[in-house]
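Here is a brief report on the structure shown below.

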Number of protein chains: 2
Amino acid sequence: MPERRARSAVTTRAAILDAARARFGTNGYERTTMRAVASDVGVDPALVVRYFTNKESLFAEAAEFELHLPDLHDVPAQELATVLMPRFFAVWENDGAFLPLLRAAASSPRAAEAMLQVFARQVAPALAAVAADHADERAALVGSQVLGLAFSRYVLRVPPLADMTHEQLMRWVGPVLEYYLTTDPR
Amino acid sequence: MPERRARSAVTTRAAILDAARARFGTNGYERTTMRAVASDVGVDPALVVRYFTNKESLFAEAAEFELHLPDLHDVPAQELATVLMPRFFAVWENDGAFLPLLRAAASSPRAAEAMLQVFARQVAPALAAVAADHADERAALVGSQVLGLAFSRYVLRVPPLADMTHEQLMRWVGPVLEYYLTTDPR
DNA sequence: CCAGTAAGTCAACAACTGTTGACTTCGACG
DNA sequence: CGTCGAAGTCAACAGTTGTTGACTTACTGG
């Protein structure tokens, strides 16, 4: 039992990160204050900067996330949505890092750039495995629909969308993803 | 010739409103400062509040816009996108009020509510004219795709999307709108 | 038991924000 | 010409924000 501090450093650091994600996720970047995050954890604001040096760095760390999209090479077109959508739901609803980034991307160029990187490094390559042609355009179109869904459902909370189940959404959106990835527009 | 002031009140008022739209549109609500708007017009900050009383009221007026969606009753399904998309492009690119609202909606509950009202009062009713059934769900899905497109193209500036022409986008997105409005998911 | 170090607090700073009230400028009109 | 009201400025306020540096607390290893 090497250490048993009343509160180990890693513990409060993680707590601060969680609180930051929650605040950034519901209030966005500018409306989230260091003091509020600190007080959520019951700690002095100075400690937050001691651990994360900056509001900007705190945000950067809070907004890091991995989609973990599976390899799509052997997935038949009709099952693309069944494979993809659950991953999106997971990132949107469980991991707390997506919403902060989405909200902040709307008004902060830096956050927008970060979101663009997530798309370029995680989404586009995975989708390239199944795109018929014009892979970058197809991936971007899928991204626009997916992002629009997240924005409408979690940020705007458009009533019908916010209340639908995962299954209902998959049935509606599935054919669209399949179309964007594999079909040629008329 | 009743009035010929060097700068009539209505003129500077309109100039302030324009500057506000531009600032809100590119920087979002919180990062837009009264002082910056005032200085864009070459005027004292106090004058801005004299005309608009509040930052919040200034934003409210700057973010008002009308979609002017046409009556869709006699539009055949295959031409829905040809009729709808040009209106969206017009509001996105010419009128300066859409982007401020979209950006602000991401981090301000009030702005989100305003955007929801635009959807409920202007988009949903117009689309109800052609929706096969579940009109509210179908309208919301169209809204999610349209919003996602705007977000990706104008806020995030996803490269392929930002560079595509109106015609290219219409060809890709058109079938999706048609599907959401008229087809049953499999 | 005691010193060292990590964990945390405290008060304060400088900058910036929205907003206010009193003042000035100036064109129009009787 | 003189005055009246609109158009606009000025300086300043009160509050909030991120960030800093010096200080205190408390656990642990020797």
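## Fold of chain A

Chain A has 10 helices and zero strands. Helices here are DSSP runs of H or I with at least four residues, strands are E runs of at least two, and both are numbered from the N terminus. From the N terminus on, the order is α-α-α-α-α-α-α-α-α-α.

This is a predicted model: local features need pLDDT of at least 70, side-chain atom pairs count only at pLDDT 80 or more, and totals for chains, interfaces and linings use all residues. Residues are numbered from 1 along each chain as its sequence is written, while chains are lettered from A and ligands numbered from 1 in the order in which they are written.

## Dimensions and packing

The C-alpha trace of chain A spans about 60 × 40 × 30 Å along its principal axes. Of the 186 residues in chain A, 40% are buried (20 or more other C-beta atoms within 10 Å of the residue's own, with C-beta atoms placed from the backbone).

Contacts are pairs of residues whose C-beta atoms, placed from the backbone, lie within 7 Å. Among chain A contacts with a separation of 6 or more, 65% join residues 24 or more positions apart.

## Two copies

Chain B superposes on chain A by a rotation of 180° with 0.0 Å of shift along the axis (RMSD 0.0 Å). In chain B, the C-alpha of Gly148(B) is nearest the axis, 1.7 Å from it.

## Around Leu177(A)

Leaving aside neighbours within four places in sequence, Leu177(A) contacts Leu80(A), Ala81(A), Leu84(A), Val142(A) and Gln145(A).

Definitions and conventions
A residue is buried if 20 or more other C-beta atoms lie within 10 Å of its own, exposed if 12 or fewer, and partly exposed in between; C-beta atoms are placed from the backbone. Two residues are in contact if their C-beta atoms, placed from the backbone, lie within 7 Å. Copies are superposed by least squares on the C-alpha atoms of residues with pLDDT of at least 70 in both.
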